[in-house]
Amino acid sequence: MKQKQFIIYGLGERGQLYYRFFKETGLDGCVAGFCDQRYLEIKEYDGKGCYGYNEAKMMGIPFLITLLDEEVSLKIQEQIKEDGNQGYRIDDIADYMGEDKVAFNRSFIAFFHDNNMEDYYCKVENEVNMDIFWGEKSEFLRFFKQMDLTNIIELACGRGRHVLQYLDKSEKITLVDILDKNICFCRNKFMQYDKVQYYRNNGFNLEQLPSEEYTALFSYDAMVHFEMIDIYEYLKDIYRVLVSGGKVLIHHSNYDKDYRASFINSPHGRSYMNSSTFAYLAFRAGFKVLEQKPIEWGNVKKLDCISFLEKP
């Protein structure tokens, strides 16, 4: 079936990032060209033409709007609509292309972190940000101290910035991440420790891990971006791999102001979720919800939540 095409509106840093995502995922055939006010200067990008708006609209295919400014983007979207065409944001383009929205968003999150790793990790690995999780007054630490760390899984481990906090307290550690780059980094970082194992997973379950073997699992600053559907799949599989009495500590989104919320279009990339919904999903997966604690993130009150669970 022939791929549906669109024009990327805006060839700045964000537009180029979106294009690289489509190219990496084999969807660059969907990109018919680019529209940018600098079209006389740029003319083409990666072999695809760059056009002014009047010329681009004559092609009769939709636009993918990549501008960061929400107000400007909405005005452009309205103008495109007045001209008898359609302007999509990145979170809506999957429907137009006939792609699965959950899988599309999962892939985009992984791609974004893979392509912005150095800036991201330089920021999150500093002392101030680490203190959020491991400082004496941290709610995360209060829950973490209640877990049996004998055989622990860290889900979405990134570059392993948390491992040193519990390395000497665990007999076996399994680091899980969707990105090869992160797993390779952790292998090199902890290569002298035989008790650390690694698993590159698919972003929604732990299918390669054995059942009823692990005493604890935690995930920090990652599941806040996950789709609700993926979270439920994870919870069911986490239940499977834990021993009876095993505990789970999950940092997740508490943002429920917009059901369309995703990594692409919400504050700090939060997915649509709240503490009650998470508790319901955990309960349906078989867990007992021990405690939940809404927390501030990025100066947004109660944007996130920490949920502490137990497998009966």
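The sulfur of Cys 35 lies 7.2 Å from the closest cysteine sulfur, that of Cys 50, which is too far for a bond. A disulfide here is a pair of cysteine sulfur atoms within 2.5 Å. The count is zero disulfides. This is a predicted model: local features need pLDDT of at least 70, side-chain atom pairs count only at pLDDT 80 or more, and totals for chains, interfaces and linings use all residues. Residues are numbered from 1 along each chain as its sequence is written, and side-chain values use heavy atoms, with hydrogens and water left out.

**Cysteines**
- Cys 35 counts as buried because its relative accessibility is 2% (buried is under 20% relative accessible area, exposed over 50%, partly exposed in between; 1.4 Å probe, protein chains only).
- For Cys 186, the closest cysteine sulfur is in Cys 157, 4.1 Å away and too far for a bond.
- Cys 186 is buried, at 0% relative accessibility.

**Helix H11**
- Helices (H or I, at least four residues) and strands (E, at least two) are DSSP runs, numbered from the N terminus.
- H11 covers residues 228-241.
- Its buried residues include Asp 230, Tyr 234 and Val 241.
- Among the elements covering them are helix H6 (101-115) and strand E13 (300-310), with contact meaning heavy atoms within 4.5 Å.

**Asp 221**
- Asp 221 sits in the loop between E10 and H11.
- Asp 221 is buried, at 11% relative accessibility.
- Residues that Asp 221 touches include Tyr 120, His 251 and Trp 297, leaving out residues up to four places away in sequence.

Technical notes
Expected span 1.5 Å × (residues − 1).
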